[in-house]
Amino acid sequence: MSFTVIIDDLAARGWSLQHAFLSPDLTADLAVECRTREAEGALRPAGIGRGDGAAVREGIRGDHIQWLEPGQSAPTDAYLALMEQLRQALNRELFLGLEDYECHFALYPPGAFYKTHLDRFRDDDRRAVTTALYLNPDWQPEHGGELRMHFDAAPALDVAPTGGTLVVFLSGEVPHEVLPTRRERLSLTGWFRRRAPEPL
Ligand SMILES: O=C(O)CCC(=O)C(=O)O
Ligand SMILES: [Fe+2]
């Protein structure tokens, strides 16, 4: 796996879009894993903000999530291993000082969306680079659910959440939203994080 294009895109313009980043087999295995967790009731309405105090506000985002931990399944471990390689490549080539990666499954039921936001919290700006990997194999334009990225000096870009597609962008610099989906939309969203600042 070569990360050269992703790294060059990030350096030049702050975002990258890779169609067919992941093999159809691993994408399908991850989709099965996501649906299994949903069937087991493991996916929970996502909060806004961090920790236990995170408020669930359906007017802002309507997805259900579950965080990945190492050792949960072969496909999730394979994906985490790939992202670890990407983390090391980003540090080597762009000196980003990324310390770790946090990642969750997300399932948007029909009608769900996520309003325009930046992937940074007021009380925690460790998130530096966002990744979104999509898991639905046969997404059609009429299904909606596009990721819309907003730019200062260019028209917004809509990305269809087609299985295997990976989007990477600078978490604090690209406002983005998920347009209302008309069918169940599956993804793995993650963040490479910088070191926490030393307390004074
Ligand atoms: O699934 C996507 O396309 C983006 C999700 C997102 O913006 C987020 O979870 O912060
Ligand atoms: Fe986001």
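An open sheet of seven strands, with antiparallel pairing, runs in the order β1-β9-β6-β11-β4-β3-β2. Strands here are DSSP runs (E, at least two residues), numbered from the N terminus, and two of them pair if DSSP finds at least two bridges between them. The model is predicted: local features need pLDDT of at least 70, side-chain atom pairs count only at pLDDT 80 or more, and totals for chains, interfaces and linings use all residues. Residues are numbered from 1 along each chain as its sequence is written, chains are lettered from A and ligands numbered from 1 in the order in which they are written, and side-chain values use heavy atoms, with hydrogens and water left out.

- Strand β6 (residues 127-134) is antiparallel to β11 and joined to it by seven bridges.
- Valine 129 faces phenylalanine 192 of β11.

**Iron ion (ligand 2)**

- His117 (NE2), Asp119 (OD) and His176 (NE2) coordinate the iron ion at 2.0 to 2.2 Å.
- Donors are N, O and S atoms within 2.8 Å of the metal (3.2 Å for Na, K and Ca); water is not among the atoms, so sites may look incomplete.
- The donor residues follow the spacing H-x1-D-x56-H in sequence.
- Distant parts of the chain are linked by the pair histidine 117, in strand β5, and histidine 176, in strand β10, which are 59 residues apart.

**Ligand 1**

- Ligand 1 is surrounded by 13 residues, the closest being His117, Asp119, Tyr134, His176 and Arg185; a residue counts as near if one of its heavy atoms lies within 4 Å.
- An oxygen atom of ligand 1 lies 3.1 Å from an N or O atom in the side chain of histidine 117.
- For aspartate 119, a polar side-chain atom is 3.1 Å from an oxygen atom of ligand 1.
- For histidine 176, the distance from a polar side-chain atom to an oxygen atom of ligand 1 is 2.9 Å.
- Of the 300 Å² of accessible area that ligand 1 has on its own, the protein covers 97% (Shrake-Rupley method, 1.4 Å probe).
- β5 (114-117), β10 (176-178) and β11 (185-194) each give at least two residues to the shell, and β11 has the largest share, four residues.

Terms used: Polar contact = N/O pair within 3.5 Å; in protein donor to acceptor, adjacent residues only side chain to side chain.
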